[in-house]
Amino acid sequence: DTIALYSNHFTGTVNLSSYSRLRNLAKFTASGNRLVSIVGDEPWTSGSSNSSISELAFASCSLTRLPSVIRHLPFLDWLDLSYSGIGGNIPDWIWRNMSTWLDLSHNMFTEVAQPPAYTVISHIDLSFNRLRGAVPSPSLLSASYLDYSNNKFSSMLPGDFLTLYGTAPSINLANNQLGG
């Protein structure tokens with residue numbers, strides 16, 4: 001089932017716990033609203049959520065923080081928080097929770113935690129942020145789309161760059177401060 005609330009005039013906070021009793025809810029989209037936060041009460045924050053939500057889209061909202069409640073969604077594999085004004089760090093748990101689609105582009109993130117040795121995310125878009133330092137590089141990546149463009153990455157590209165990323169059909173590292 002899907003809840004589609006996109007492109008309206010909703011403001012304020014969305015409490016995902018309100019939707020936890022909807023056992024067949026797979027997709028929740030509220031992009032294009034003036035939402036300021038996404039939260040979740042118990043059992044969400046305790047890690048015992050049995051939510052079936054697999055896709056969340058809150059793009060073009062007024063979020064300023066990465067909603068921590070998303071780390072407690074056991075089946076989440078598609079997340080779009082693009083164009084939202086979120087700053088700070090992209091935490092390491094984001095790499096473990098996603099498996100298909102991760103779009104955090106057009107925000108104000110400044111740092112990104114190193115992905116684990118293996119991640120199965122097939123679409124990663126971190127473009128148009130303020131990310132700096134080393135380009136995140138798991139030792140094995142199954143991405144088919146990777147966009148780290150328009151950031152401030154300044155690392156040297158690893159010698160095994162083609163081994164790490166060579167299987168991805170689309171890689172964009174343009175407009176950074178890379179060397180190598």
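A polar contact here is a pair of N or O atoms within 3.5 Å, where one must be able to donate a hydrogen and the other to accept it. Keep that in mind, everyone, and please also remember that this is a predicted model.

Let's begin with Ser51. Its side chain reaches the backbone nitrogen of Ile53 at 3.1 Å. Where does Ser51 sit? Ser51 lies in the loop between strand E4, residues 34-39, and strand E5, residues 55-57. And is Ser51 buried or exposed? With a relative accessibility of 4%, Ser51 counts as buried, because buried means under 20%.

Now follow me along to E5, which belongs to an open sheet of eight strands. The order is E1-E3-E5-E6-E8-E11-E14-E16, and the pairing is parallel. At the edges are E1, residues 2-4, and E16, residues 170-172, each of which pairs on one side only. On average, neighbouring strands in this sheet are turned by 5 degrees against each other, ignoring direction.

Thr29 stands opposite Ala57 of E5.

Next, the core. The largest nonpolar core has 41 residues, and the ones touching the most other members are Leu56, Phe58 and Ile70. Which elements give two or more residues to this core? They are E4, helix H1, residues 93-97, and strand E9, residues 108-112. H1 gives the most, with three residues.

Let's finish on Ile70. Leaving out residues up to four places away in sequence, Ile70 touches Leu56, Leu76, Leu79, Leu81, Trp93, Ile94 and Asn97.

Methods. Residues are numbered from 1 along each chain as its sequence is written. This is a predicted model: local features need pLDDT of at least 70, side-chain atom pairs count only at pLDDT 80 or more; totals for chains, interfaces and linings use all residues. Side-chain values use heavy atoms; hydrogens and water are left out. Helices (H or I, at least four residues) and strands (E, at least two) are DSSP runs, numbered from the N terminus. Buried means under 20% relative accessible area, exposed over 50%, partly exposed in between (1.4 Å probe, protein chains only). A nonpolar core is a set of buried Ala, Val, Leu, Ile, Met, Phe, Trp, Tyr and Cys residues joined through side-chain atoms within 4.5 Å. Contact means heavy atoms within 4.5 Å. Two strands pair if DSSP finds at least two bridges between them. Axes are lines fitted to C-alpha atoms, for helices over the stretch in contact, and angles run from 0 to 180 degrees between N-to-C directions.
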